[in-house]
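Work through the exercises below with the model at hand. Try each task before reading its solution.

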Amino acid sequence: RKEKITQPLIDSLLRFVGFKKVRLDNRKLVKEMPQVMLDFNAIAQGYTVDVLSSFLESKGISNYLVEVGGELRAKGKKEDDSFWIVGIEQPEENNADGVSLNNILIKIKEKSLATSGNYKKFYIEDGKKYAHIINPFTGYPAMHNLLSATVIAGNCMTADAYATAFMVMGLDKAKQFLTENKNL
C-alpha cells in the first residue's frame, strides 16, 4: 500500500535530511538521529564505473570504455586509433518511451560522463507527473522543465553527482554554477 504524500508527511521526513546530520568521528560514521539514512543512489553507478576503470588500469589496460547504466569513462583510443564516440539520449517528454531516436554524439577523451534525468523514472498521480529526483530542500520531486543533465568530469562519481544536482537546481542555476566551476 502506497502512503499518500502530504505536507505533514514531507515535513516529518525533512527533519532527517541533510549532510549536517552525519559526521565522521575517528573513522566512524555518527548519525545525529537514528532515523537518518544514507542514500548513495546519485553516485552509485558513477562510483562503480570508477572502480572498474581503476581495476582495468591496475591490470595495465590503458584503452577502454566502461559503461554502467549510462554512466561511463573513456580512456585511450579504440583499436582503430580513433577516440571513443558516445551517444547521449535526447529526451522528449511527449514521446511514448521518453527518448528521441536523435541521440547527441560526442567524442570523449580521458574523461567521464554521466546523465541524470526525469524523463524515464516517474509516476503520474491525479494527472501530475512526479519524477524520482527529490529536491532536498522541499522534500518533493524537483519541479521544472529540465528533462536531463549530462556532465563531463575527470571521474565518473563526480559527473554522476553533479548531473543529479543540476536536475535539482534547474537550468538557470546549473548554468550559473558551471560558469563559476570550469572543471565540469
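**Exercise 1.** Which backbone nitrogen lies 3.1 Å from a polar atom of the side chain of Glu 71?

Solution. This is a predicted model.
- Start with the place of Glu 71: strand E4, residues 71–75.
- Next, check the side chain of Glu 71. One of its polar atoms lies 3.1 Å from the backbone nitrogen of Thr 115.
- Thr 115 is also listed among the residues that Glu 71 touches, including Gln 45, Val 49, Cys 156 and Asp 160.

**Exercise 2.** Decide whether Glu 71 is buried or exposed.

Solution. 
- The relative accessible area of Glu 71 is 3%.
- Buried means under 20%.
- Glu 71 is therefore buried.
- Gly 46 is another contact of Glu 71.

**Exercise 3.** Describe how helices H3 and H4 are placed relative to each other.

Solution. 
- Two packed helices are described by the angle and the distance between their axes.
- The axes of H3 (residues 156–169) and H4 (residues 171–180) come within 6 Å. They cross at roughly 130°.
- H3 and H4 are therefore oblique to each other.
- The contact has seven nonpolar, no polar and one charged residues.
- From H3, Tyr 162, Phe 166 and Met 169 take part. They meet residues of H4, among them Lys 173 and Phe 177.

**Exercise 4.** Which rings form a cluster?

Solution. 
- The structure holds three aromatic pairs.
- In one, Tyr 162 and Phe 177 are tilted, at 5.3 Å centre to centre and 40° between the planes.
- Ring pairs link Tyr 162, Phe 166 and Phe 177 into a cluster.
- Tyr 162 counts as partly exposed, at 28% relative accessibility.

How values were computed. Residues are numbered from 1 along each chain as its sequence is written. This is a predicted model: local features need pLDDT of at least 70, side-chain atom pairs count only at pLDDT 80 or more; totals for chains, interfaces and linings use all residues. Side-chain values use heavy atoms; hydrogens and water are left out. Axes are lines fitted to C-alpha atoms, for helices over the stretch in contact, and angles run from 0 to 180 degrees between N-to-C directions. Helices (H or I, at least four residues) and strands (E, at least two) are DSSP runs, numbered from the N terminus. Angles under 35 degrees count as roughly parallel, over 145 as roughly antiparallel, 65 to 115 as roughly perpendicular and the rest as oblique. Contact means heavy atoms within 4.5 Å. Ala, Val, Leu, Ile, Met, Phe, Trp, Tyr, Cys and Pro count as nonpolar, Asp, Glu, Lys and Arg as charged, and the others, Gly among them, as polar. Buried means under 20% relative accessible area, exposed over 50%, partly exposed in between (1.4 Å probe, protein chains only). A polar contact is a pair of N or O atoms within 3.5 Å; within protein, one must be able to donate a hydrogen and the other to accept it, and residues adjacent in sequence count only if both atoms are side-chain atoms. Rings of Phe, Tyr and Trp (its six-membered ring) pair if their centres lie within 6.5 Å; planes under 30 degrees apart count as stacked, over 60 as edge-to-face and the rest as tilted. Lists of a residue's contacts leave out its neighbours within four places in sequence.
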